[in-house]
Amino acid sequence: MTHDFHQPVFTGNASEYFRIWIVNTLLSLLTFGIWSAWATVRNRRYLYGNIEWAGNRFDFCGNAWAILRGRILAMVFFLAYAVGGDFSAVVPVATIFLLVILFPWLLTSAKRFRLSNTAWRNLRFDFPGSVRNSYIQLALPLFLILLSLTCFLVAKMRVEENQTVMESLRWNGFAALLLFFVSFFLVPVTIYRVKNLTFNTTCFGRHGFSVKIDLDRFMGIYALTILVLLTVMIVTVTFFTLVMKISGENSMLILQALQGKSFAALALLYLFLTLCYLLPYAYWNVTTTNYVLSATQLENLTIEMKMSVWVYWWYLWTNALLAVITLGIAIPWTKIRMLKYKLSCLSIRGELPVFYGNNKGRKVATGDEIGDAFNIDFGF
Amino acid sequence: MVVEGEYFKPGTSLGVPASLKAQGHSFSLVLANSSRFIDLDTLVISQRLANVPRYLCFPDGSMFTSLQNEQLDNALRSSGILPRSTWIDYFESGWRWTLLALIVIPVFLVLLFTIGMPLVAGHIATLVPETVKQELDAGAIEFLDELVFKPSSLTTERMKALEERFSRASRFYPNQNKQVLFRDGGAIGANAFAFPGGTIVFTDQLVNLAENDGELLAIYAHEIGHVVNNHSMRNLLQSAGVTFVLGWMLGDLTFITDVVLVGVPVLLQKMSYSRGFEREADQFAMLILDASGYSRSCFADIIERLSTQLSPELNSETSYISSHPAPGQRVAMSRAAQACSDLLSGVDGRKKSSDGLKPAVRQELLDEMEIEPPFRPPTPEEIEVDLSEGDYHSVRKVSPTYPPAALIRGLEGYCVVEYTVTTEGTVADPVVLEDQCTSPYFTEPSLEAARKFLYKPRVENGVVKAVPGVQNRFTYKIVKPGEKPINPPYRKTE
């Protein structure tokens, strides 16, 4: 019955998923985006429903209306940030402040929605943490982020009173650098706290997950990511400078690409830069995911995640390239490809215990009753 | 009928093999050594989705799950309960709907981006107030002055002369801010810029590149075409719109597909919108050149000269992703029989050039826009003034020029002009009655036409008298192909 080693596997296939994906995409377009929430439910149900672990499938049973609410909210923020910036200087800044202030609430409701709607066998996952607790846990780093943002803005206004555009640009560059170094400490601390909070609050049935991660390791990973990013920047800049110097013809090509005048040049440049800048992203993602998941425990089960940065990076950019070349038709296939890779790197060890819930059954878990209004999906 | 599956007691992950037996309308769950009757009314059954297992949830919190979707559906159908939402499963499982989606999605997106989005953006762009646009201008120019431009080295006389030439063309769009600025372009070189609020910047390099003022007028007209058509605002709104639509409608994108699949189409769309705007501005330039009596070749000449300044690759017609149409196309579109330096005297020359307009539209434009030589009021010696006893009456009426800016927008309306009929029978002090003029576009052409009117003056008891307060209504109506033109085109209300 019980084994020491449990490998999750994906049982679906791309052609089946393709049909689901494309029909729902069409419906989303024809309904001007309304159906996209239901499409998300169908897509997610297919993907979750084909992940088999220890003989049983996972299930997503989320309500599409909650997803629709979350998407409307996300779009309001996006519009305020993207379009508001063209007409007013205050709106995008206010949007960022609001997002930082609302972050613990958004995080809690999103996690609660996602987890309490994920089931395996007759039990659901859950996120019983309160919004209050999330605010307490994240107060310090978020307060520091707001403080540094405010300092930045006040100083900017002070300086900007009598200065030329050039001076203000130079000052902006300096301030951005400063902000970068502040974020050097704040970003990993915030992410560390978020991971700690979410993984330690997550439950399966009445069994809580526990994670043991330390801040030093996170700072280390973050520092290395910055190092990778800087290396990539130096390499690309050097590369372009060299090309420019070697021949005038090629430099013309790059200039055209930058101005969007030549399709081939632009495509090549885009590909090259994507390749380069996906590397730090892949490094950060893989290293933190490996670290956090491998430090997670559920009862006597230990999790091991062993993704490789290079393989993940290879999957990332080949997937993107395929999606572009096929004009998006390959997206379902690339999604499954990535999911299969991730699952193949995940193994769970330990004797499988019998899990118990709160005697309420699968379809009436806690999440649904805690005010439907807070149930939003914000895509964290 | 039997459906094999697994049964879970309430609140536990421990499953036991079980089967569902359907006999007519009665369902029962059979376990290893027991069996229970199922009340179908209280059962919650998950929707069918491809091969994903189904869940039958009982009110006590226990659950039966099965991978045998087909058997389960048959059993439920036979008992009269059809599972919810079968229609979506029906669409998802057939290949012909997949094929339909593969055809409809691109068509829908193309229609949305080529017709829907520009239409909506065009409407919203007109809602942006003039003051906001002019503030945008001021900000942008301050920024460019600081970073790129240097003060112009042109002489004041040269600037004045150009401004005057431009202002003659600007009577066709009276309600726009028409500030023209000259700057040393620095690294930018020969170029001209139109800002949303109507400010137009010429670089010294461009002014020096042009061989005659007609060429500069062509550029000016092109830039004004951007302003009149609200291109900057529309571009801004359309770019945001594409991102919004792709993000919102397609949704659920991961980081990478987000960047690539939204980023790239947005960029391509932006470029193609930009080319569309350039073409629109080019057409506007043609109209202005025609209306101000210059050959369209002026435009061809300057574009040709500008494009030889750029590298040859940029001239290739194949470059798909470009912010401007290929120079070759633009030159071919505007090349006319007359050289730029010849001021046109009649309509004939213009008919030879092809401008990418539909033949019917072009014919309309040509019919409506008669070019007339600069007008001066005729002296009494030139015409024989009828000084016989009687009230004044009209001797000659002239049609106004249809303002191109109104024409390409399909704007119709009227304008009432009030003036004095002098003792010589000419028109003096014409003014437009603001509340009886539907658009500022019609002000200038109406006044101009009114000045050309001739009357038999009023003679009372042998005394010639001037008559103040005479009104004439100029009606602007675009004649559709096949429709009978109004002849005489303009009604008088005296």
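Which side chain does E280(B) meet in a salt bridge, and at what N to O distance? Start there, then take me through the other charged pairs and whatever else stands out.

Analyst: A bit of housekeeping first: this is a predicted model, so local features need pLDDT of at least 70 and side-chain atom pairs count only at pLDDT 80 or more, while totals for chains, interfaces and linings use all residues. Residues are numbered from 1 along each chain as its sequence is written, chains are lettered from A and ligands numbered from 1 in the order in which they are written, and side-chain values use heavy atoms, with hydrogens and water left out.

Now your pair. E280(B) meets R234(B), with 3.5 Å from N to O; a salt bridge here is a side-chain nitrogen of Lys or Arg within 4 Å of a carboxyl oxygen of Asp or Glu. This one links distant parts of the chain: E280(B) sits in helix α9 (residues 255–291) of chain B and R234(B) in helix α8 (residues 231–250) of chain B, 46 residues apart. Helices (H or I, at least four residues) and strands (E, at least two) are DSSP runs, numbered from the N terminus. The cut-offs are under 20% relative accessible area for buried, over 50% for exposed and partly exposed in between, using a 1.4 Å probe and protein chains only.

Elsewhere in chain B, salt bridges with shared partners join R48(B), R54(B), E70(B) and D73(B) into one network. Take E70(B) and R48(B), whose side chains meet at 3.2 Å, N to O. Because E70(B) is in helix α1 (residues 69–78) of chain B and R48(B) in the loop between β5 (44–45) and β6 (54–57), the pair ties together parts 22 residues apart in sequence. E70(B) is partly exposed at 43% relative accessibility, while R48(B) is buried at 14%. Then there's D73(B) with R54(B), a salt bridge of 3.1 Å, N to O. Here helix α1 of chain B supplies D73(B) and strand β6 of chain B supplies R54(B), 19 residues apart. Both ends are buried: D73(B) has a relative accessible area of 2%, and R54(B) is at 0%. Over all chains, the salt bridge count comes to 17.

Next, a spot where the two chains meet. Two packed helices are described by the angle between their axes and the distance between the axes. Helix α1 (residues 14–30) of chain A and helix α2 (residues 86–93) of chain B have axes that come within 8 Å and cross at roughly 120 degrees. The axes are lines fitted to C-alpha atoms, for helices over the stretch in contact, with angles running from 0 to 180 degrees between N-to-C directions. So α1(A) and α2(B) count as oblique to each other: angles under 35 degrees are roughly parallel, over 145 roughly antiparallel, 65 to 115 roughly perpendicular, and the rest oblique. From α1(A), R19(A), I20(A), V23(A), N24(A) and L27(A) meet W87(B), I88(B), F91(B), E92(B) and S93(B) of α2(B), where contact means heavy atoms within 4.5 Å. By class, that contact has six nonpolar, two polar and two charged residues. The classes go like this: Ala, Val, Leu, Ile, Met, Phe, Trp, Tyr, Cys and Pro are nonpolar, Asp, Glu, Lys and Arg charged, and the others, Gly among them, polar.

As for chain A as a whole, its secondary structure comes to 13 helices and eleven strands. Of its 380 residues, 47% count as buried.

Two loop residues are worth a glance for their backbone. E299(A), between β9 (296–298) and β10 (301–305) of chain A, has a positive phi near 50 degrees despite being a residue other than glycine, and is partly exposed at 44% relative accessibility. N461(B) also has phi near 50 degrees, again positive in a non-glycine residue. Its loop runs between β16 (458–460) and β17 (463–465) of chain B, and N461(B) is exposed at 74% relative accessible area.

Last stop is T423(B), in the loop between β13 (413–421) and β14 (427–437) of chain B. T423(B) is partly exposed at 34% relative accessibility. Leaving aside neighbours within four places in sequence, its contacts are L387(B), P457(B), V464(B), K465(B) and A466(B).
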